[in-house]
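This report examines the pairing of charged side chains in one protein model. The sequence and structure are shown first.

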Amino acid sequence: MVRYRVRGGNALRGTAFIQGAKNAVLPMIGAALLAPKGRTVLRNVPIIEDVRRAVELAEAVGAYVELHESERTLVIDASRVDSPVLPAEIARRFRGSVLFTPALLHRLGEAVVEGVGGCNLGSRNLDFHYLGYKRLGAIVDEEETVIHVKASGLTGATLYLDTPSHTGTENLIMAAALAKGTTVIENAALEPEVLDVIDMLTKMGARISGGGTGFITVEGVDELHAVEHTVMPDRLDAGVFAMAAAITGGELSLVGTGLDLGVVRYKLEQMGVEFARQGAVLHVRSEGKLRPINIITDTYPGFATDLQSPMMTVAALADGTSYIHERIFDGRFALAGELNKMGANVEVDGSRAVVRGRTPLTGTQVTAHDLRSGIALVLAGLAAEGETVIDSGYLIDRGHAHLAARMRALGADITREISER
Ligand SMILES: CC(=O)N[C@H]1[C@@H](OP(=O)(O)OP(=O)(O)OC[C@H]2O[C@@H](n3ccc(=O)[nH]c3=O)[C@H](O)[C@@H]2O)O[C@H](CO)[C@@H](O)[C@@H]1O
Ligand SMILES: C=C(OP(=O)(O)O)C(=O)O
């Protein structure tokens, strides 16, 4: 059992090193399995639990994988992939397991999905993935919780997503990349991570156009080859560090952000946080006095749902009433009860939350219900009086690498403990 212990009151100052993106590296590991020869090299890999699970899953289907932690590099040899089964005990521990299905379909003609995990955020359907595979010529059988997808070669088709699913878009691009003929994916996701995956697949020999427009065209090719690729920065990790500066009255230089934070930056600026781009470094500074804010989550370029929970903590520390509307997931407010235990005043009504700040936060024992509510509680702990103890830290480790060490280097009083239960 992993547990985080945070004692609040310290302003975070210094240089924060932003990790590679979880939501880019996971599809890239899936993409690496599409190459039947050679070795793929992924750089700037975040050393997070989801990556460890992805490595275990790749090994379970027959790939040879080296995770070089201090070099943040993965080397993947997929030449001996021989099992179509994604075993439940690994696959149910993270969402990214679904991203292995296109490679297994192409390489072995079938994929057996014994379960898919990920954060518990209400309904998390996969119908667009399976309907898309069917439109490309696969047969999809569901037996209770096990899904069996079979295809002796896929054929291009026009696909339409009811909503621009992130992993759905990635999976259908990978499925189409080796299908015969042309596939068009309408209402495709626009997230920067999807574009990074398209870049990697393009280097591998895939023919993909329209990334970032919502209409993606894929011309199928006969084979993809192993390449080297550097994973883009994690904009969610960067957002969390910017928020840590905001609530503690700190000053941070974010290194490795590359891209701008878009709407997250604008919302924090409205709250009174100062940003300055200094070449490759994004500088964030706050006096610690924050104005309230309104947030409506949306697919990119809207406000990312994954930063909604951390932003709820920031809102609880702002002077006045903030409003949050969660539009992507129907169960993403588990944080509210935990923040209220610490003294916040958050009222949830369906998909909307009203946060009345600023109320002083006091450290106590709280529960991370998912990855982002976990990191939001770490933020709350940084600004609270006394000690905040957060269980289960595993959920935080799913998505943030070496969190305690990185925050301690900036002056935070935070420890990560491993206990028997
Ligand atoms: C590993 C990964 O990249 N995870 C991210 C990905 O999850 P993920 O790809 O699972 O999220 P989706 O974009 O697919 O899901 C968003 C919404 O669409 C619905 N939906 C999705 C697919 C489908 O076939 N049918 C359907 O109805 C879901 O129930 C959910 O309400 O995007 C989410 C939304 O930005 C992020 O929170 C996750 O961090
Ligand atoms: C919802 C998330 O992740 P996953 O899709 O991997 O569960 C997240 O990163 O906040």
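The sections below cover the basis of the values, then the salt bridges.

## Basis of the values

The model is predicted, and local features need pLDDT of at least 70, side-chain atom pairs count only at pLDDT 80 or more, while totals for chains, interfaces and linings use all residues. Residues are numbered from 1 along each chain as its sequence is written, chains are lettered from A and ligands numbered from 1 in the order in which they are written, and side-chain values use heavy atoms, with hydrogens and water left out.

## Salt bridges between strands

A salt bridge is a side-chain nitrogen of Lys or Arg within 4 Å of a carboxyl oxygen of Asp or Glu; the count by this rule is 26. One of them pairs Glu-228 with Arg-43, with 2.9 Å between the closest N and O atoms. Glu-228 belongs to strand E14 (residues 228–230) and Arg-43 to strand E3 (residues 39–43), so this pair ties together parts 185 residues apart in sequence. Strands (E, at least two residues) and helices (H or I, at least four) are DSSP runs, numbered from the N terminus.

Glu-251 and Arg-285 form another salt bridge, at 3.9 Å. The former lies in strand E15 (residues 251–255) and the latter in strand E17 (residues 281–285), so parts 34 residues apart in sequence are tied together.

## A salt bridge within a helix

Lys-341 and Glu-338 meet in a salt bridge of 2.9 Å, N to O. Both lie in helix H11 (residues 335–341), three residues apart, or about one helical turn.

Arg-5, Arg-7, Glu-387, Asp-413 and Glu-417 are joined into one network by salt bridges that share partners.
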